[in-house]
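Hi,

Here is the structure I promised to pass on to you. Have it open while you read, and jump between the picture and my notes as you like.

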Amino acid sequence: MEPSILLVDDEENVLRSLKRVLKRAGFKQVALATSGQEALAYLKVHDVSVIITDYRMPKMTGADLLRETKKHWPDIINIVLSGRADFNSVVELLNQGLAIKFLQKPWGEGELVDTIKQAQRLYCKRIAQHERDQLLLGSVTALIEINEEGKITRFNAPAQTIFPGLYSYVDDYIINIDAQPNKDDLTAFLSNKTNMLFIARKCAESEKEYEFILERYWSDDFCQLLKLSVNPSKSSNKFLIESFGDFLIKEPAFYQQLNEYEGENTSYTVIFIGIAKFELIADLLDYQSAYEFTHLLAKVLHNTFGEKVRMCQKHSNQFMLSVPHASNDATLLAALNKTMTLFTEAIPQRYKGMSLELYGVYGIFPDDVLSGKELINHLSLNMNYLAKKQQRFFTRFDAELVNDYRKNFELSRLLFKAIDNEEFSLCFQPKIDLTTHKVSGAEVLIRWYEPTKYGWVSPSLFIPISECDGQIIAISRFVISQSFKQLKQWNLQKVEVGKLAINLSARQIKEDPEWIDFMLESLNENNLSASNIQFELTETYLMDDLHECQLQITRLRGLGFEVQIDDFGIGYSSLAYLSKLSIDGIKLDKELISGLDSSLEMQSMIRNIVRMSHDLNLKVIAEGVETAHECKLVERLGCDYIQGFYFSRPLPADEFYDYLINTNVRGDE
């Protein structure tokens, strides 16, 4: 929903007159408040972009209101609309940065409307910068921020790693980092006529010349984020094969060949094939040796596929092949496996111990629907995936993988606005005390309904995306804030809920230094005690930095919170480090429970985990219990609490309340 414009004045006739002016000017969301207190109450539950307030009001002046606004909602743009007598006081507000402009009553309609439009643009600029802040801080991708003029304003750490000395170009035009600048290319790129900009740069230390690629990554009305990468086909141009007869052709000719096949209604196959870990090989060996491997692969491909096939060296370690009259999968895979065998046999004896391997992906036209450049782009994404996952085999192009890339990128973009658009909600999954068989609390779980395209999005999909791209920090704060508000409501209803368990993000702990202060403030606002809350940390986070984790856990427990280890048993499956941590319990991962009834070994392992945990005074929670038999087993094995579909799925707040009443209160009756 579009943020409101909030009008604040103790004279209702002034408010009505102002609202009529703004409605005529096309402003749709206009809210009214007759006092500073009423305005603050509105701000707590609604998004506001601009506040226009009178200065002279009883109880709370406009100055007092703007100070509170600046403290809690610093992005809101404030305007003072008041009488001439308040001029000197308002000037002080302007000097303090609490308001951007003073308009005198009676106002000029044109000036008022123009000022509000400027204020809304400034608000949008601030919000856009926050989104870019998250991307710059949260992305492992090398990113450079440029403004509308094409000047570099900021960049992140990965960009500095790729391009040392980048800091010296801040406030300079992006084209000026190019050793051979071409302003026409920059103009075409910034005007969206081209998707890439190539930057040539010589490394001062090694005298080697690199070519960087800038690609559009994110843009808004104010700035762009550009993805920076090294062009592998240029940075290693000593490995490029200049000539290999008619078999090896340049990239434009390769695309033209595909167009000719399509024009003749000829089916064809495009194959990407690469040498695994080639960059490491190039670093360990001299250039001549690395070039030999590249030339060797080209020779093997030529011998395997014959004269009719055309080949293009896409990157220093990757080739593309076009095969007319496409064969079936079995024939293609046989040819690719033959390539692997011939390549291995042809490697010089002195390099036999290097375990050199090939990997690749192929697509068939028209069977795979895509054609030409689009098919190649999708194959390239598949190759990147294989390289990233270090998978060393040949496979057919996976359209779903490309769709997943696109979907993840779009979901990442939508996540930045999901909280403001009120798309998140919370569910509560009951925890059952196996001693009393009553509800002893609940785990808080977040749900996302994306209204424009995707509907309900699985947490297993959007949580990893938000962890990677940085939105998880805002999401974690939302979960804490809303959980505390809900617990306060249940307390007012005089219902004993028990402890709420909230999952902690490793990224939140590491990158949001004020999250504990935020959490404590929210706790006080809702009149809650730390004893009402448990926090759950994953094993993976623990082992990433055991010392730092111990410091965080000690601080939380010192404040009165309980801390448990989530998903225990599927990562390191060791209790050795638990004796070093001052935690309260562990939660067995559901993967341990799912095969419990058919595995005596698993039952024995869990029995030992429970026994050793109890020796350390730790409680044990079994997660993912779905059947009566599993319930009886975990109870017999000594677990203290149980959580899973056998008792209840995660429930919305009102349904959890009903479940709690039926299980605990009415059970006592």
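Below are my notes on the sheets, the helices on them, a cavity, a salt bridge and some backbone details.

A word on the ground rules: this is a predicted model, where local features need pLDDT of at least 70, side-chain atom pairs count only at pLDDT 80 or more, and totals for chains, interfaces and linings use all residues. Residues are numbered from 1 along each chain as its sequence is written, and side-chain values use heavy atoms, with hydrogens and water left out.

Helices (H or I, at least four residues) and strands (E, at least two) are DSSP runs, numbered from the N terminus. Two strands pair if DSSP finds at least two bridges between them. As background, strands of a sheet pair through backbone hydrogen bonds, either parallel or antiparallel.

**A parallel sheet**

Let's start with an open sheet of five strands, in the order S2-S1-S3-S4-S5, with parallel pairing. Strand S2 (30-33) and strand S5 (101-104) are at the edges with a single partner strand each, so one side of each has no neighbour in the sheet. On average, neighbouring strands here are turned by 20 degrees against each other, direction ignored. (Axes are lines fitted to C-alpha atoms, for helices over the stretch in contact, and angles run from 0 to 180 degrees between N-to-C directions.)

Zoom in on S3 and strand S4 (residues 77-82): they pair in the parallel sense over four bridges. Which residue of S4 is the bridge partner of Val50? Look for Ile77.

Helix H3 (residues 62-72) lies across S1, S3 and S4, at about 165 degrees to S3. Helix H4 (residues 87-95) touches S4 and S5, and its direction makes about 160 degrees with that of S5. Contact here means heavy atoms within 4.5 Å.

**The cavity**

How many cavities of 30 Å³ or more does a search of the whole structure find? The search gives one, and the largest cavity has a volume of about 30 Å³. Grid points are joined across faces, edges and corners, and the volume is the space filled by probe spheres set on the points.

Residues lining the largest cavity include Leu7, Asp9, Ile52, Asp54 and Lys105. Strand S1 (4-8), helix H1 (12-24) and strand S3 (48-53) each supply at least two residues of that lining. By class, the lining has six nonpolar, one polar and three charged residues. Here Ala, Val, Leu, Ile, Met, Phe, Trp, Tyr, Cys and Pro count as nonpolar, Asp, Glu, Lys and Arg as charged, and the others, Gly among them, as polar.

Lys105 has something else to show: the peptide bond from Lys105 to Pro106 is cis, with omega near -10 degrees. Pro106 sits in the loop between S5 and H5.

**A salt bridge and a hairpin**

The whole structure has 22 salt bridges, each a side-chain nitrogen of Lys or Arg within 4 Å of a carboxyl oxygen of Asp or Glu. In one of them, Arg132 meets Glu145 at 2.6 Å, N to O. Arg132 is in helix H5 (residues 109-138) and Glu145 in strand S6 (residues 143-147), 13 residues apart.

S6 also joins strand S7 (residues 152-155) through three bridges, and the two run antiparallel. They form a hairpin with four residues between them, and Gly150 in the turn has a positive phi of about 90 degrees.

**A mixed sheet**

Further along, five strands make an open sheet in the order S12-S13-S11-S14-S15, with mixed pairing. Strand S12 (310-315) and strand S15 (394-396) each have a single partner strand, so they stand at the edges with one side left without a neighbour in the sheet.

Strand S14 (residues 358-365) runs parallel to S15, joined by three bridges; Val361 has Thr395 in S15 as its bridge partner. Helix H12 (residues 329-346) lies across S11, S14 and S15, at about 155 degrees to S14.

Cheers

How values were computed: 1 Å grid on protein atoms, 1.4 Å probe; cavity = no way out; pocket = protein on both sides within 12 Å on 5 of 7 lines; lining within 4 Å.
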